[in-house]
Amino acid sequence: APEAPAPRDDGRLPDGPRPLRQRIVLDVDPAAPGFSGTAFIDLNVTAPTRTVVLHARTLRVTGARAVTPEAIPAQHSRRHAHGGRNDPEELVLAFDRPLPQGEVRVEITYEGTWGDDLQGLYRARVGDDWYAVTDFEPSDARRAFPCFDEPSVKIPYTVELRVPRGQRALANMPVAEQRDEGDRTVVRFQETPRTPSYLVAFVVGPWDVYDGPQTPVPVRIIAPRGRAHLGATAAQMAA
């Protein structure tokens with residue numbers, strides 16, 4: 001496999017292709033033992049290269065390729081960043097052929113486990129109900145999807161969630177499309193403005209929603225089943 005740039009002493013990602021935009025498709029069932037997904041990342045390749053280094057922590061990558069438009073398979077490995085934590089945090093993609101200069105889409109399929117300590121994509125139980133929640137700040141988006149998990153990297157994100165029918169999927173962008181497919185509901189949210197990865201946010205579960213004032217901006221409170229009314233005062237104050 002081609003040699004990737006070494007980890008940087010300051011813990012940042014090494015030089016190489018950087019993202020232009022990212023789409024994340026996730027299958028999330030809060031009652032399941034884990035989750036799975038595909039990350040579609042459009043890269044700006046400034047010079048032909050056979051390696052891309054990005055972030056992924058506690059994720060099991062099952063496949064990776066570039067589409068240029070022909071498919072270029074990639075070997076994948078994980079490594080520790082300089083001075084990193086116990087888990088490897090950098091994902092190295094080594095492609096069979098050089099990626100050409102220009103815009104290139106990389107597709108990464110993977111499986112993940114729920115975060116611990118209320119970090120990353122984690123779940124919580126309230127009574128008999130399971131809820132999935134994200135908390136990515138400061139650097140835990142990499143535990144939910146492969147990404148360039150640095151605040152200086154600000155790109156548009158599109159999130160699409162596949163959840164069990166009867167569950168609610170919510171995010172910090174409005175819904176663009178929702179449809180049922182078999183025993184799943186697929187919810188695609190509008191593309192975000194240019195944003196760092198840690199500001200991507202979504203939840204899945206039997207949530208209740210309290211709709212507060214709609215001006216000057218729409219305000220609503222998301223709460224576990226049967227508890228949305230407790231947000232009435234907060235909704236008024238937020239508006």
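**The whole chain**

Buried residues account for 46% of the 239 residues in the protein; here buried means under 20% relative accessible area, exposed means over 50%, and partly exposed lies in between, with a 1.4 Å probe and protein chains only. The model is predicted, and local features need pLDDT of at least 70, side-chain atom pairs count only at pLDDT 80 or more, and totals for chains, interfaces and linings use all residues. Residues are numbered from 1 along each chain as its sequence is written, and side-chain values use heavy atoms, with hydrogens and water left out.

Begin with the whole protein displayed as a cartoon. The protein contains 1 helix and 16 strands, where helices (H or I, at least four residues) and strands (E, at least two) are DSSP runs numbered from the N terminus. Along the principal axes, the C-alpha atoms fill a box of roughly 55 × 40 × 35 Å.

The protein exposes about 11600 Å², of which carbon and sulfur atoms supply 48%; the areas come from the Shrake-Rupley method with a 1.4 Å probe, and for residues only the protein chains shown count as cover. Of the contacts between residues at least 6 apart in sequence, 65% join residues at least 24 apart, a contact being heavy atoms within 4.5 Å.

**Charges and salt bridges**

Colour the charged residues. The mean positions of the 29 positive and 32 negative charges are 1 Å apart. Lys and Arg count as positive and Asp and Glu as negative, while His and the chain ends are not counted; each charge is placed at NZ of Lys, CZ of Arg, CG of Asp or CD of Glu. In the whole structure there are 25 salt bridges, each defined as a side-chain nitrogen of Lys or Arg within 4 Å of a carboxyl oxygen of Asp or Glu.

Select Glu-103 and Arg-21, whose side chains form a salt bridge at 2.8 Å, N to O. This pair links distant parts of the chain: Glu-103 belongs to strand S7 (residues 102-113) and Arg-21 to strand S1 (residues 18-27), 82 residues apart. Arg-21 counts as partly exposed, at 32% relative accessibility.

Now select Arg-23 and Glu-160, which meet in a salt bridge of 3.5 Å, N to O. Arg-23 lies in strand S1 and Glu-160 in strand S10 (residues 157-164), so this bridge ties together parts that are 137 residues apart in sequence. Arg-23 is partly exposed, with a relative accessible area of 32%, whereas Glu-160 is buried, with a value of 8%.

Move on to Asp-140 and Arg-143, whose side chains meet in a salt bridge of 3.6 Å, N to O. Both Asp-140 and Arg-143 are buried.

**Backbone details**

Most residues other than glycine have a negative phi, and most peptide bonds are trans. The next stops depart from these patterns.

Zoom to Thr-68 and Pro-69: the peptide bond from Thr-68 to Pro-69 is cis, with omega near 15 degrees. Pro-69 sits in the loop between strand S4 (59-67) and strand S5 (71-79). The peptide bond from Thr-215 to Pro-216 is likewise cis, with omega near 5 degrees, and Pro-216 is placed in the loop between strand S15 (208-211) and strand S16 (220-223).

Select Thr-58, which is not a glycine but has a positive phi of about 55 degrees. Thr-58 is in the loop between strand S3 (49-55) and S4, and counts as partly exposed at 26% relative accessibility. Leu-118 also has a positive phi, near 60 degrees. Leu-118 lies in the loop between S7 and strand S8 (120-126) and is exposed, with a relative accessible area of 54%.

**A last stop: Ala-71**

Finish at Ala-71, found in strand S5. Ala-71 counts as partly exposed, at 38% relative accessibility. Leaving aside neighbours within four places in sequence, Ala-71 is in contact with Arg-65, Ala-66 and Arg-97. The C-alpha atoms of Ala-71 and Val-106 are separated by 9.5 Å, and the two residues are 35 residues apart along the chain.
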